[in-house]
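Colleague: I am new to this one. Could you show it and walk me through it?

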Amino acid sequence: MSAGATGAVAAVDLGATSGRVMIGRVGPDTLDLTEAARFPNTPVTLWEGDRPGLHWDIAELYRNVVDGLGDALRAEPGIVSVGVDAWAVDYGLLRGGVLQGIPYHYRDERAAAGTPLVHERVPAGELYRQNGLQYLPFNSLYQLAVDNAAGRLDGVDTMLLIPDLIAYWLSGERVAERTNASTTGLLGVDGTWNAPLIDALELPRGLFRPVVDSGTVIGPLLPSVRGELRIPSEVADVAERAGSGIPGGPVVTAVGSHDTASAVVAVPLRSENAAYISCGTWGLVGLELDRPVLSEAAREANFTNEGGVDGRVRFLHNVMGLWLLSECIRSWRAAGIDADLVDLLERAGSLTTPVPVFDANDQRFLAPGDMPSRIASWCAERGVAAPDGPAEYVRSIVESLAEAFATAVRTASALSGRPVDTVHIVGGGARNRLLCQLVADRCGVPVLAGPVEATAIGNVLVQARAHGLVHGDLEALRALVLATHPPIEYLPAAAATLSRLQ
């Protein structure tokens with residue numbers, strides 16, 4: 001690309017409940033996103049002989065990705081690159097390049113059996129020193145331990161995390177992008193596969209593909225994919241002239257394939273003392289550091305050290321996020337209750353009566369199900385009056401999330417020794433005015449909300465930099481985000497007013 005040119009890339013952004021394909025048009029002073037396609041990501045429950053198993057409908061997801069990319073290329077023939085990000089920890093198992101079985105969902109109950117299988121070989125403290133990873137019962141190494149014990153790894157030669165699996169089907173190349181590989185628990189703090197740990201868990205070393213950094217060009221689209229996309233020859237010619245340098249149109253480029261890693265790229269951090277909350281189905285709360293924090297205090301606080309783009313460390317804590325709201329809405333609608341989230345948030349914001357603040361991280365809230373009843377049960381166990389009606393439930397959830405987020409911010413600050421003067425909220429939670437204000441109030445510092453589309457923006461920016469559309473370090477990329485997507489400021493007071501940064 002010539003200096004100062006504006007070009008286009010496509011971001012495949014897969015979330016736990018929906019996916020989309022976004023067109024990003026990027027240049028030195030340009031950062032515009034257009035949605036080309038959006039589709040649901042609905043898990044499926046399959047009977048497995050003695051129990052139901054929860055799986056990702058990966059074939060349907062891939063079909064929607066391909067259809068969405070076709071829409072994107074017809075709308076913008078000059079797209080030079082495609083990047084894929086998704087949620088962490090889940091994976092597909094391959095033999096000879098062929099998927100073996102349907103990937104499990106991290107909320108499937110089978111993962112719980114993995115903890116004793118791993119910890120009897122490598123104690124939790126030693127594990128943290130080796131991988132710096134927060135304990136979550138569904139982390140990849142626990143799932144792999146269960147699969148190994150069940151014989152599901154017999155004859156398997158490759159494990160690909162979900163975004164790497166989609167990239168493989170698009171390009172034919174099997175790699176492990178570093179930011180998402182760091183969530184498996186099997187990557188050392190040096191960013192390479194931890195062979196001694198893999199051996200200690202008796203996992204086949206051959207499962208794990210070469211680790212690549214975000215910004216690496218993985219390869220061109222397969223001819224079969226080009227056929228599925230129905231790319232006319234003139235579209236391929238335009239894409240080639242636009243700068244892909246490879247006949248046949250766009251290439252597949254590794255991005256921060258863990259969606260949080262991409263989201264953090266797009267956080268317009270106001271200072272090095274700013275914390276971030278990437279708030280969607282989950283709330284990822286933490287700081288960006290240059291090196292991991294591997295202290296016993298960090299382990300006991302269940303903080304994780306995950307890989308970030310450009311070798312940064314995402315020191316953070318996973319908190320239940322908007323999942324609590326979406327599951328309540330789903331339960332109410334299933335019961336025939338008219339539940340509109342926008343209306344409920346408006347009503348919840350007007351409430352003056354106290355509502356219970358519950359532990360949003362309680363494991364009972366992890367699995368799908370009747371969320372209002374579980375919240376009521378938590379309250380009953382503690383002799384606390386449960387919320388009365390949907391609006392009170394929504395207010396209780398938002399208050400509880402704000403408290404959990406604020407606690408995580410304070411803990412991150414104490415563990416890292418870095419004072420926090422600002423909190424950035426990106427993702428879907430940035431739209432939730434009540435949540436943003438309550439976080440500001442509970443943290444006692446300003447909250448800067450936005451961009452909402454942080455994950456897709458970060459995905460786009462890493463591709464754009466790899467293909468010469470923009471240049472510089474993360475701070476330069478974030479300056480472009482700030483200039484084109486200024487956040488909204490929430491001041492830490494009950495009567496705070498909103499102001500847009502100039």
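**A serine and its surroundings**

Colleague: Is S257 buried or exposed?

Modeller: This is a predicted model, where local features need pLDDT of at least 70, side-chain atom pairs count only at pLDDT 80 or more, and totals for chains, interfaces and linings use all residues. Residues are numbered from 1 along each chain as its sequence is written, and side-chain values use heavy atoms, leaving out hydrogens and water. Buried means under 20% relative accessible area, exposed over 50%, partly exposed in between (1.4 Å probe, protein chains only). S257 has 2% relative accessibility, so S257 counts as buried.

Colleague: Where does S257 lie?

Modeller: Helices (H or I, at least four residues) and strands (E, at least two) are DSSP runs, numbered from the N terminus. S257 lies in the loop between β13 (251-253) and α10 (259-265).

Colleague: Which side chain makes a polar contact with the side chain of S257?

Modeller: A polar contact is a pair of N or O atoms within 3.5 Å; within protein, one must be able to donate a hydrogen and the other to accept it, and residues adjacent in sequence count only if both atoms are side-chain atoms. Contact in general means heavy atoms within 4.5 Å. Leaving out residues up to four places away in sequence, S257 touches residues including D85, D164 and E177. The polar partner, at 2.6 Å, is E177.

Colleague: What share of the 502 residues of the protein chain count as buried?

Modeller: The chain has 18 helices and 21 strands. The 502 residues of the protein chain include S257, which counts as buried. The buried share is 57%.
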